[in-house]
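Here is a short briefing for a first look at this structure.

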There are 2 protein chains.
Amino acid sequence: MVVNNKVDSLSYDVEAPPQGAAATAPPPAPAPARHHAPAPPAVREGAAVLELHKVSLPERRSTARALRQRLAEVFFPDDPLHQFKNQSSARRLVLALQYFFPIFQWGSAYSPRLLRSDLVAGLTIASLAIPQGISYAKLANLPPIIGLYSSFVPPLIYSLLGSSRDLAVGPVSIASLVMGSMLREAVSPDEEPILYLQLAFTSTFFAGVFQASLGFLRLGFIVDFLSKATLTGFMGGAAIIVSLQQLKGLLGIVHFTSHMGFVDVMRSVFKRHDEWEWQTITMGTAFLAILLLTRQISARNPKLFWISAGAPLTSVIISTILSFIWKSHSISVIGILPRGVNPPSANMLTFSGSYVALTIKTGIMTGILSLTEGIAVGRTFASINNYQVDGNKEMMAIGIMNMAGSCASCYVTTGSFSRSAVNYSAGCKTAVSNIVMAAAVLVTLLFLMPLFHYTPNVILSAIIITAVVGLIDVRGAAKLWKVDKLDFLACMAAFLGVLLVSVQMGLAIAVGISLFKILLQVTRPNMVVKGIIPGTQSYRSVVQYREAVRVPSFLIVGVESAIYFSNSMYLVERVMRFLRDEDERALKSNQSSIRCVVLDMSAVAAIDTSGLDALSELKKVLEKRNIELVLANPVGSVAERMFNSAVGELFGSDRLFFSVAEAVAAGAGKAQP
Amino acid sequence: MVVNNKVDSLSYDVEAPPQGAAATAPPPAPAPARHHAPAPPAVREGAAVLELHKVSLPERRSTARALRQRLAEVFFPDDPLHQFKNQSSARRLVLALQYFFPIFQWGSAYSPRLLRSDLVAGLTIASLAIPQGISYAKLANLPPIIGLYSSFVPPLIYSLLGSSRDLAVGPVSIASLVMGSMLREAVSPDEEPILYLQLAFTSTFFAGVFQASLGFLRLGFIVDFLSKATLTGFMGGAAIIVSLQQLKGLLGIVHFTSHMGFVDVMRSVFKRHDEWEWQTITMGTAFLAILLLTRQISARNPKLFWISAGAPLTSVIISTILSFIWKSHSISVIGILPRGVNPPSANMLTFSGSYVALTIKTGIMTGILSLTEGIAVGRTFASINNYQVDGNKEMMAIGIMNMAGSCASCYVTTGSFSRSAVNYSAGCKTAVSNIVMAAAVLVTLLFLMPLFHYTPNVILSAIIITAVVGLIDVRGAAKLWKVDKLDFLACMAAFLGVLLVSVQMGLAIAVGISLFKILLQVTRPNMVVKGIIPGTQSYRSVVQYREAVRVPSFLIVGVESAIYFSNSMYLVERVMRFLRDEDERALKSNQSSIRCVVLDMSAVAAIDTSGLDALSELKKVLEKRNIELVLANPVGSVAERMFNSAVGELFGSDRLFFSVAEAVAAGAGKAQP
């Protein structure tokens, strides 16, 4: 272990004995002797064993280098080039290939044993993906066949590019809902089906471009701005909106509102009670009950996951048979579906005309939502199975998958939570399970489409409700309430915003509250009065540690936030208020009044120009009251900035200390000439 | 001094010897002995003298109480009720009266000596306020007389309500410019002068309502979101825009563009070169040169402030006389101004119709800008003269002043920087100087209006340019570049946004960048590897302190930010990256690999649910690699949250330490059974 003991030439010269000087070094030379209060025993004891240390600056870097390091930290926190270091160029090529196509990484070690697992998992998720695909397409107001197309091409692409082993790719409920609600505001899917389809594919293309760009530009952290709390609320609200939409199918209502809001839907349901269709209701309720029951069984006993996984397809088969036998005209059925694989749809993408803004907006919204779901699902299962998922690379994979999908009659797809969970439970090992699923969908598309003719629409509604019910996380919301009231508020705002106003508004409210919370913390930072913990050299908040003892005639304030323009005025005001309170307390207990304020800067991660000005201001205000201001333990970037500005000189000579303990000790030392 | 030594019943039971136990207490009971690496001498030495301390929680508060304290800190950081404590009710009434009408505070001690000073100052600022008032009104596309009206009523109201002694109230350039540019986009002041006037008064009313509400709702901190850096850029850009607008007057151009952008104006100037009027240009250039010269003289020698203070009025008088003698038709003059005091204008406020949204928007924009200027000016001079200005109270005063003004034919007013500086230099003592100024304006309105008939418009342009030139703060921008590149970027973005796009856009860009900077710091927080400083128990960043020594087989990471949803994923990734790098370094130097990660939480001011999840996640990931994760020194609110959630149990028993030193010592202790 190399101990670097040489004095840093860049460190600022606090008037202090050099490193390693005897502990009994004379107190710092000519400094105004302002502190006359005797130090408490613990501190004087401390002073006796303390030697003063310097506040160092980090190595001086050029502006360009500092900027490069800063940008690297923002955009490449995962340091993707690290593995390429010190490798031969052939090896680098292989690594690069493996980086962009993870299939080359796990493909070489693929074995029949893995294939068997993937085969089982792939067929299991296919049995779920087929009915869900048809249902979700209806949620987006698209023809059911689009849902199957979207369960065929995207999984194949993902299996080449994706780095998650467990992700099951296909259409998902939330993105389908948002796309459906945003596009229907402008174009009716019933009156202009071709235009609607064009907009859907174009939105999907933009979603893909947006997702891939986020990944390529390393802006993955934008996804992190959707906090878990807001997502909980948003998902819950969206799940209820989706379920309410299914009342149309469940009740057999023909003339249903095209609005999404809770109030509109409920009004429509009760206004149209003459259209309620009892055969449909009976069938729907029965199957819904069965599906929910199987869901419960699998939730209680994870080994029985296949019960809930197989239930949707089983329900579809049974209900189709029933409907075929009855041939009742009152139960609405899917009808004729075209046989064959995805037709190309690149010619349907439209980048001009009056709908461009709408498709871009829809693309961004559905893109970010599906990305959030896909990344979260990927990370969840990666963490369970102890491997890493590269967020930015995943974004590129999902983005390219959607761009390609939009040219092959697919709409927005991503990793689905419910199907990925089944995939995991069924024992998938690699992305091959996606290929197996795609193959099963291919067989369906080629040969089994006529079988869906008599499938009742009501069964699709029941499947959707069963799928989205799991998104309502009451326990999660309760936990938020317990741990963090503001997070709970954000959650409820998102929930109610989605439910009562609109899906987009709910999302906007949620993001707004999340950001406001961050800003609030920076605007009104925690500031605490610190005292010494007896028997240590540590200073801690007197509110948190009751045993902490205030040092007479010192006010030690810890600032627990970066000092920015948004809190610099508050900082000054807060210190003055502490000073007033502490002086009142000193007066009451006949102690000497405050003569020195020590700002503990340990927790100040950054400072800007306004913050520096605030420090000078505070110093000036305190000086007028004959109180000294000293700083303790500024971190590297803060110290650097101080010395780049006039503030460094202001505090330089004898007002900058290595630690609070040394600041107090030095103050006490001055009192003994 | 009361030493509270009893064990806090709320503190979590870290398995540690009780307070004051012998240093040789047996190591914590059955815990997996994971650390087998020998501690470095300094640490083992440390362990010998260390006793373990508990991490305490702050006193448990009810949800309602915690919320109340939180809200009090957000909205009442100045604790305005403090002075009312322990007072008789009569005294409280007097204090309340003094609180709302500061005139009762200083009025009783007012003396003839103070009056003499205020008289001189008031007359001096009046000589500046009259020409500036006329000029600024023209900047807002309003009749010149409105500028004088606005220099009469608002100062009187402010003198009753305001708490600043030095603020000189009246119209200001930036707010005038913004109001002019926003209203002119919708309504032409030449074609529909009455409607334009109605919109101006209504906007002023809304500005007042907005300002007073901010003060009343204690939302003053919103003003703090306009950082100094962005304001520097914004002011500079606005000053150039304003100066460019004056080219119309200076060059005598009649058909001038109604746009504000740099490009539009320059194009208009050169396209209309046939309209350039040489008599006007000569006169304008001459007076501009003189005014700028006097400004320079006063800037060099502050005692000669009266030279620049008196120059505008002198220029107006001389140029009016010249223009009266010449009676040249080519020099455009102000023309007839109505005699008499402010007519009431409450009937002109319109709260319905298609322009409501515009007036509200204009009101908010001009309101926040004038508030920012007024508060900043008030604080500047309060700091020079060592008294306090209450931001929220000032906002109410300025707001009420504008609401009243809008009913008395005034447009937006606030404390002007240039006139307040003159006021201060001229030796004003109280707000009476505003009353004196208002009286002088009154005399002008009643008797002197005909004298302005022949005042050339070009002289007003010269006065405006001279006034706004001081807003271009090149030295301030240079300082930003030196200290903080990102602040400089925000400054330049605001500057160029105002100059090239629009005033509103410039402001939006500036605020956006300021907020983005805060969010970025929270998204990519500083994280540092710490080592022990030889001879101390202190751990510091190894990048900042070159003498800091890493503790073998320990990775000590300091997190310098709150842990929020926006950085929780990054935190995990960053720790894993540190781990990889440190392991590589250990491998190279044949040291033992990392067995324990210590997260130093001292600088983590807050944590949200995502952050708590990230800690559990990190612990799980590290455990899979047989590395232990322990936390050191969580602050009160963070500790509280941890114990309210499952994370507390996860880290509770023996993974939570009072300080990094104790965490390291305990780890070393376990290695010696």
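Chain A holds 27 helices and eight strands; helices (H or I, at least four residues) and strands (E, at least two) are DSSP runs, numbered from the N terminus. This is a predicted model, in which local features need pLDDT of at least 70, side-chain atom pairs count only at pLDDT 80 or more, and totals for chains, interfaces and linings use all residues. Residues are numbered from 1 along each chain as its sequence is written, chains are lettered from A and ligands numbered from 1 in the order in which they are written, and side-chain values use heavy atoms, with hydrogens and water left out.

**Chain A overall**

- Of the 673 residues in chain A, 58% are buried. Buried means under 20% relative accessible area, exposed over 50%, and partly exposed in between (1.4 Å probe, protein chains only).
- Among contacts in chain A with a separation of 6 or more, 80% join residues 24 or more positions apart. Contact means heavy atoms within 4.5 Å.

**The two copies**

- Two copies of a chain are related by a rotation about an axis and a shift along it.

- Helix α10 (residues 228-245) of chain A has 18 residues. From first C-alpha to last it reaches 25 Å, close to the 26 Å expected at 1.5 Å a residue. The expected span is 1.5 Å times one less than the number of residues.
- In α10(A), 16 of the 18 residues are buried, so the helix is largely enclosed by the rest of the structure.
- α15(A) has 29 residues and reaches 41 Å, close to the expected 42 Å.
- α15(A) is mostly covered, with 21 of its 29 residues buried.
- After α15(A) comes A:N386, with a positive phi near 60°.

**Helix packing around α5 of chain A**

- The axes of α5 (residues 112-139) and α17 (residues 417-425) of chain A come within 9 Å and cross at roughly 165°. Axes are lines fitted to C-alpha atoms, for helices over the stretch in contact, and angles run from 0 to 180 degrees between N-to-C directions.
- α5(A) and α17(A) are therefore roughly antiparallel. Angles under 35 degrees count as roughly parallel, over 145 as roughly antiparallel, 65 to 115 as roughly perpendicular and the rest as oblique.
- Residues making this contact include A:L128 and A:Y136 of α5(A), and A:R419 and A:V422 of α17(A).
- The axes of α5(A) and α14(A) come within 8 Å and cross at roughly 45°. These helices are therefore oblique to each other.
- That contact involves, among others, A:S127 and A:P131 of α5(A), and A:F305 and A:L313 of α14(A).

**Helices of chain B**

- α8 (residues 173-184) and α10 (residues 228-245) of chain B pack at about 65°, with axes 10 Å apart. That makes α8(B) roughly perpendicular to α10(B).
- From α8(B), B:I174, B:L177 and B:R184 meet residues of α10(B) including B:F234 and B:I241.
- Buried residues of α25 (residues 636-644) of chain B include B:V638, B:M642 and B:F643.
- The cover over the buried residues of α25(B) includes α20 (474-483) of chain A and, from chain B, α24 (609-624), β7 (628-632), α26 (646-652) and β8 (656-657).

**Two residues to look up**

- A:Y355 sits in the loop between α14 (305-326) and α15 (356-384) of chain A. Its relative accessible area is 28%, so A:Y355 is partly exposed.
- A:Y355 and A:A186 are 169 residues apart along the chain, yet their C-alpha atoms are separated by 8.5 Å.
- Beyond four places in sequence, A:Y355 contacts A:A186, A:V187, A:L195 and A:L199.
- A:S568 lies in α23 (residues 568-588) of chain A. A:S568 counts as buried, at 5% relative accessibility.
- Leaving aside neighbours within four places, A:S568 touches A:I563, A:S610, A:G611 and A:A614.
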